[in-house]
Number of protein chains: 2
Amino acid sequence: MARQSKPFALARLFAALADPTRLRLLNLMAEREVCVCYFVEILQQGQPKISRHLAYLRNAGIVSARREGKWMHYSIRRPRDAAANSILDAVFATFENNREMQADSLRLLRACCKPELLALQRAPVPSALHSEAQ
Amino acid sequence: MARQSKPFALARLFAALADPTRLRLLNLMAEREVCVCYFVEILQQGQPKISRHLAYLRNAGIVSARREGKWMHYSIRRPRDAAANSILDAVFATFENNREMQADSLRLLRACCKPELLALQRAPVPSALHSEAQ
DNA sequence: AAATTATATACGCCTTGACAAATATATTCT
DNA sequence: AGAATATATTTGTCAAGGCGTATATAATTT
């Protein structure tokens, strides 16, 4: 069996990107840490589904999690590998020209300005958004 | 059920990239059209396996095939979609810094200079290689 | 401590796709 | 036409992973 470590590592990254829900999650995290509860509301998908996809991304090393009380905040974790990093750059660049992704981002902005519109009470507002949405 | 055409299309591209054998095939095709027989010899993998992966890439619209007598030549097919295109650019860029991929490319160069070393007689030499290997 | 809230994991079901081995197809050679 | 060559597809098996439902865990509130 021939060794082919690098191709395998790259393939693993692409597998992590090979799902529309995971791409949408990554897009929402592009510039900020986001709480799970927002993912659920904005993507309008079941909470276990969101959690499973976040776990997948965490396993793939693309995302890291931080607990804050009851809430879990997820954020992009830049890979140590330069190749993976440049590919992620390209991916995020395409998000900026994508209608659906922009729509998701807008929903996140709005939700954070008026969290009372969601099913959430006292949901944590990502600090990075205060300045952006001003 | 919400529409999310674009994320689905992107995810499909990544699924096509999520396999080490397919990545190696794409790398070999990066700058030239390549005959199936070379893939088999260089990657040292069974012919049906190579063919199946090439069919997958063709289905995903990343690659196109051209028949020439008994031989099938495969080459990169640049996607119409700008997003997919820029991602492919990033992918090929990482190939250039990847040891394993460079080793594969070298093996292709050598095989084309001395096709008699392979199990192939009268294998077609990719025209693009004449100038590169001079 | 009991109830509530937020998130994660387990379970069962189903689809996709990877593989090897066998077989089919297409083209060329004799 | 028949044999040989190059490639593609089929078949059967297996593992990964997607989904919804149910349940477990963790932190907070009362």
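This briefing covers helix packing, strand pairing and an aromatic pair in a predicted model. Local features need pLDDT of at least 70, side-chain atom pairs count only at pLDDT 80 or more, and totals for chains, interfaces and linings use all residues; side-chain values use heavy atoms, with hydrogens and water left out. Residues are numbered from 1 along each chain as its sequence is written, while chains are lettered from A and ligands numbered from 1 in the order in which they are written. Helices (H or I, at least four residues) and strands (E, at least two) are DSSP runs, numbered from the N terminus.

**Helix packing in chain A**

- Helix α3 (residues 36-43) of chain A packs against helix α4 (residues 47-59) of chain A at an angle of about 120 degrees, with the axes 9 Å apart. Axes are lines fitted to C-alpha atoms, for helices over the stretch in contact, and angles run from 0 to 180 degrees between N-to-C directions.
- That angle makes α3(A) oblique to α4(A). Angles under 35 degrees count as roughly parallel, over 145 as roughly antiparallel, 65 to 115 as roughly perpendicular and the rest as oblique.
- Ala, Val, Leu, Ile, Met, Phe, Trp, Tyr, Cys and Pro count as nonpolar, Asp, Glu, Lys and Arg as charged, and the others, Gly among them, as polar.
- The axes of helix α2 (residues 20-28) of chain A and α3(A) come within 11 Å and cross at roughly 125 degrees; the two helices are therefore oblique to each other.
- α2(A) also passes α3(A) in a right-handed crossing. T21(A), R24(A), L25(A) and L28(A) of α2(A) make the contact with F39(A), I42(A) and L43(A) of α3(A).
- The contact of α2(A) with α3(A) divides into 5 nonpolar, 1 polar and 1 charged residues.

**Strand pairing in chain A**

- Strand β1 (residues 34-35) of chain A is joined to strand β3 (residues 71-76) of chain A by 2 bridges, and the two run antiparallel. Two strands pair if DSSP finds at least two bridges between them.
- C35(A) stands opposite H73(A) in β3(A).
- Strand β2 (residues 63-68) of chain A runs antiparallel to β3(A), with 6 bridges between them; here R67(A) stands opposite M72(A).
- β2(A) and β3(A) form a hairpin with 2 residues between them, and G69(A) in the turn has a positive phi of about 65 degrees.

**The sheet in chain B**

- In chain B, 3 strands form an open, antiparallel sheet in the order β1-β3-β2.
- β1 (34-35) and β2 (63-68) of chain B stand at the edges with a single partner strand each, so one side of each has no neighbour in the sheet.
- β2(B) is joined to strand β3 (residues 71-76) of chain B by 6 bridges, and W71(B) in β3(B) is the bridge partner of E68(B).
- Helix α2 (residues 20-29) of chain B packs on the sheet, touching β1, β2 and β3 of chain B, and its direction makes about 90 degrees with that of β3(B).
- Helix α4 (residues 47-59) of chain B also packs on the sheet, touching β2 and β3 of chain B, at about 120 degrees to the direction of β2(B).

**Aromatic pairs**

- The whole structure holds 3 aromatic pairs over all chains. Rings of Phe, Tyr and Trp (its six-membered ring) pair if their centres lie within 6.5 Å; planes under 30 degrees apart count as stacked, over 60 as edge-to-face and the rest as tilted.
- The rings of F14(A) and F14(B) have centres 5.9 Å apart and planes at 20 degrees, so the pair is stacked.
- This pair crosses between chains, from helix α1 (residues 5-17) of chain A to helix α1 (residues 5-17) of chain B.

Technical notes: Contact = heavy atoms within 4.5 Å. Left-handed = near helix turned anticlockwise from the far one by under 90°.
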